[in-house]
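I opened the model and kept notes as I went. The entries follow the order in which I looked things up.

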Amino acid sequence: MNVSENNKIRLGIARCLLGEKVRYDGAHKLDRYLRDVLGPYVEWVPVCPEMECGMGVPREAVRLVGEIENPRLLGRNSGEDWTERMQEWGRKKLALLEKENLCGYIFKHGSPSNAMGRMKVFHEDGRIFYSGTGIWARMVMDHFPDLPCEDDGRLHDNGIRENFINRIFTFKRWRDNVSESFSAAKLVDFHTRHKMLIMAHNEAVYRRMGKLVASAGSADPVAISGEYSALLFKALIYRPTVKKHVNVLTHALGHFKKDISADEKQEMLELIDRFHKQLIPLIVPITMLNHYVRKYDKEYLQQQFYLNPYPAELMLRNHV
């Protein structure tokens with residue numbers, strides 16, 4: 001899968017994760033996977049909320065203080081309140097980001113402005129909660145509710161990483177192929193190509209989406225586009241499990257029942273079983289399935305993004 005320079009996925013990201021020395025202590029938090037492995041396929045839109053709202057580098061560290069749902073952003077030693085200044089800057093920044101056509105956002109774990117979750121909040125009665133969200137991260141997620149978001153800490157988990165990258169590539173395809181020039185025919189084509197991928201995430205939502213697509217020809221285009229996209233991104237939030245993948249792989253194998261030999265079928269079933277027992281990674285049965293798709297010229301399966309959802313060079317299915 002080739003990604004041209006002018007068609008790269010645009011992702012918001014905490015500046016420090018790209019190696020910029022913008023943290024409170026003048027350091028960075030370079031993530032080499034994001035920069036060197038994912039980087040060639042995306043165009044970064046770097047943001048440092050603390051620096052951009054007026055804090056210097058280096059600067060006093062800040063922390064979240066108050067109620068979990070609405071904490072204040074205060075200097076750790078001085079108690080200086082940065083909440084309104086960050087929110088005022090944030091509202092202007094969000095207006096600018098609306099023009100960037102973002103397909104996702106990567107936050108910085110452990111940052112009182114940038115943490116997607118699991119952030120310390122110091123209550124005024126002395127209690128410490130560990131379920132807070134950074135001021136800026138909350139603003140972004142509230143403003144772009146369908147936008148795929150993760151933080152660098154969670155992305156060290158292979159399953160979460162694979163799911164996030166799958167979501168951003170799907171988001172890009174949806175935006176490019178359907179959402180900006182919607183038609184019933186485009187929706188049917190998009191859904192057809194993503195059927196197996198959606199099934200691997202949530203089969204119940206997939207069935208609802210199928211009923212919606214069936215009514216596309218007679219429904220209001222704007223309404224059905226919005227309803228479909230909401231269901232699509234709801235489905236993709238659910239991570240595929242081994243059991244779900246086995247179900248989809250077995251379903252795909254059924255398309256060859258009139259073509260493959262008994263030995264080929266048995267070989268594929270053995271690979272699916274070994275994957276089910278977690279003896280081999282997902283890439284092994286997927287590679288064999290792609291071989292049969294090409295050998296027997298299965299046009300329907302050739303169109304399925306489940307078999308090639310993102311560039312193979314990312315090697316994500318080698319580890320899930």
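How much space lies in the largest pocket? I noted first that this is a predicted model. I then read off about 400 Å³ of space for the largest pocket.

**Entry: the largest pocket.** I looked up the lining and found 25 residues. Arg23, Glu50, Gly110, Ser111 and Pro112 are the ones that lie nearest the centre of the pocket. Helix H2 (49-52), strand E3 (62-66) and strand E6 are the elements that give two or more residues to this lining. I also sorted the lining by residue kind: 13 are nonpolar, 4 are polar and 8 are charged.

**Entry: lysine 108.** Where is lysine 108 placed? I found it in the loop between strand E5 (104-107) and strand E6 (119-122). Is lysine 108 buried or exposed? Its relative accessibility is 8%, and the cut-off for buried is under 20%, so lysine 108 counts as buried. I then checked its side chain and found a polar contact of 3.2 Å with the side chain of aspartate 152. Leaving aside neighbours within four places in sequence, I listed the contacts of lysine 108 as Ala14, Cys16, Leu17, Arg23, Lys29, Asn114, Ala115 and Asp152.

**Entry: the largest nonpolar core.** I wrote down a general point before looking: in soluble globular proteins, nonpolar side chains tend to be buried together. Here the largest nonpolar core has 97 residues. Which of them touch the most other members? I found Tyr105, Trp136, Tyr228 and Tyr306. Helix H5 (residues 158-179) gives the most to this core, with 8 residues.

I followed up tryptophan 136. Leaving aside neighbours within four places in sequence, its contacts include Val47, Pro49, Met86, Trp89, Leu94, Leu97, Tyr105 and Phe107. Gly90, Lys93, Ser113 and Asn114 are also among the contacts of tryptophan 136.

**Entry: the cavity.** How many cavities of 30 Å³ or more does the structure hold? I counted 1. About 40 Å³ of space lies in the largest cavity. I listed its lining as Glu162, Asn166, Leu197, Ala200, His201, Pro240, His245, Tyr306 and Arg317. The elements that give two or more residues to this lining are helix H5 and helix H6 (184-201). Helix H6 has the largest share, 3 residues. By kind, the cavity lining divides into 4 nonpolar, 3 polar and 2 charged residues. Tyr306, noted in the core entry, is one of the residues that line this cavity.

Definitions and conventions. Residues are numbered from 1 along each chain as its sequence is written. This is a predicted model: local features need pLDDT of at least 70, side-chain atom pairs count only at pLDDT 80 or more; totals for chains, interfaces and linings use all residues. Side-chain values use heavy atoms; hydrogens and water are left out. Helices (H or I, at least four residues) and strands (E, at least two) are DSSP runs, numbered from the N terminus. Buried means under 20% relative accessible area, exposed over 50%, partly exposed in between (1.4 Å probe, protein chains only). A polar contact is a pair of N or O atoms within 3.5 Å; within protein, one must be able to donate a hydrogen and the other to accept it, and residues adjacent in sequence count only if both atoms are side-chain atoms. Contact means heavy atoms within 4.5 Å. A nonpolar core is a set of buried Ala, Val, Leu, Ile, Met, Phe, Trp, Tyr and Cys residues joined through side-chain atoms within 4.5 Å. On a 1 Å grid over the protein atoms alone, a cavity is a set of points where a 1.4 Å probe fits but cannot get out, and a pocket is an open set with protein on both sides within 12 Å along at least five of seven lines; lining residues have an atom within 4 Å of a point. Grid points are joined across faces, edges and corners, and a volume is the space filled by probe spheres set on the points. Ala, Val, Leu, Ile, Met, Phe, Trp, Tyr, Cys and Pro count as nonpolar, Asp, Glu, Lys and Arg as charged, and the others, Gly among them, as polar.
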